[in-house]
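Student: Can you take me through this model? I have the files open.
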Amino acid sequence: MNISVVGTGYVGLIVGTCMAEFGSDVICVDTDAKKIASMQEGMVPIYEPGLQELFDRNRSSGRLRFTTNLEEAVLHADVLFIAVGTPPGEDGSADLTYVLQAAEEIAAYMDSYLVIVDKSTVPVGTGKQVEDVIRVVLAERGVEIPFDVVSNPEFLREGAALYEFMHPDRVVLGTESKRALVLMREVYRSLTLNKVPLVETDRETAELIKYANNTFLAVKISFINEMANLCEEVGADVHHIAACMGMDGRISSKFLHPGPGYGGSCFPKDTRALAHMGRTHNSPMTIVEAAVQANAYQRTRMVNKIIGRLSEGGSLSGKVISVLGLTFKPGTDDMRESPSLTILPGLAAAGAELRVYDPKWEREAEWRLSAIRDQVTFCQDEYEAASGGDALVILTEWNQFRQLNISKVSSAMRGRWFFDLRNLYEREYIEAFGFFYECVGR
């Protein structure tokens, strides 16, 4: 099978590499010449556990290639995945500029039957728009070339994307074309041999499935965070509540972990996009709207919690806060919509100096925190970050933060506050080292 992938961001690169691992001949295309050149030299532009090994193996075998030449990619492909960005607009809607531009350019080069697959997360009706754009360009060329547009949403969790691509719960295929289904079944043959179910549905339903999936999980996170906040006010323990809820088979224990709020490239964008779709189609998504508001409040609450404990009159002037974790979750270098991007500027605005460490901060932290750069010191490990701190704040639950040498941390710090915003430790254990312990919901 000849496959091309337009876009070499997180989704596109994972899709291309895994398809090559399945044995397909894959070309990945991008307009960023510098990025393509670096990948041709063997450098992976993102961090994902296990990706470099798969990338190297398939690039060396010749099954995975990179180019800036879209014509080459289109003429190569039996199936072409569109995996470009769909950034959120001011109103929360998904910006389809790059998707429709890709469709227009694909149509300029295609010369035989092609299955075009929307892999990017896109709102309902995007497949129809892509189809219309391609038909217009083909008409302008004066040619009749058969094609199909399929919706095939991705469900990749950063930090576990390779495993989830190769061992998915399901693969969703949205099309009513039997010809396209035959090809798409062949694309995913390696998975169906292992009994992974194919969900074959219409295109509009497939487009909405991804939003329903992500927003439900975001609602679940917002719910347990609100329960945690109530627990703090009434003296209850959210860990026990979440554990008991998780024992109910109708609920399950997943995504019942309170913290500083959800982030990343999917949940914030998809909740806002679904809320916008609801408003546009006169079907308000009130629960989703509430989850968006609750998530924003949760981040602000974390800032206020820290300021309230450390300050007199709301000022943190002269205070040094040691921060562990910047990425929105462990196992990735992605800081998009991370709680740290609200919490750190909030502390800096109150006058704090920040000593920061994250195992994968180098790619994004400098520019994402540029507005407060003069108040941030990037450190080489967690103990350097703790040095001289009046308070320690855990923002991301990297494994190495779960087993800190608390005695060493205590000796390095000058203050006694320990804000465990991921609930990694027990109160009694931390307080035994002379700290004032604050967590979420206990």
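This is a predicted model: local features need pLDDT of at least 70, side-chain atom pairs count only at pLDDT 80 or more; totals for chains, interfaces and linings use all residues.

Tutor: Residues are numbered from 1 along each chain as its sequence is written, and side-chain values use heavy atoms, with hydrogens and water left out.

Student: How many helices and strands are in the protein chain?

Tutor: The protein chain has 18 helices and 14 strands; these are DSSP runs, helices being H or I of at least four residues and strands E of at least two, numbered from the N terminus.

Student: And how much of the protein chain is buried?

Tutor: Of its 442 residues, 55% are buried, meaning under 20% relative accessible area with a 1.4 Å probe, protein chains only.

Student: OK, helices. At what angle do H10 and H13 pack?

Tutor: H10 (residues 203-234) and H13 (residues 286-310) pack at about 45 degrees, with axes 9 Å apart. Axes are lines fitted to C-alpha atoms over the stretch in contact, and angles run from 0 to 180 degrees between N-to-C directions. The two helices are therefore oblique, the class left after under 35 degrees (roughly parallel), over 145 (roughly antiparallel) and 65 to 115 (roughly perpendicular).

Student: Which residues meet there?

Tutor: Among them are Thr215, Ala218 and Val219 in H10, and Ile287, Val288 and Ala291 in H13; contact means heavy atoms within 4.5 Å.

Student: What about contacts along the protein chain?

Tutor: Of those with a separation of 6 or more, 72% link residues 24 or more positions apart.

Conventions:
Buried means under 20% relative accessible area, exposed over 50%, partly exposed in between (1.4 Å probe, protein chains only).
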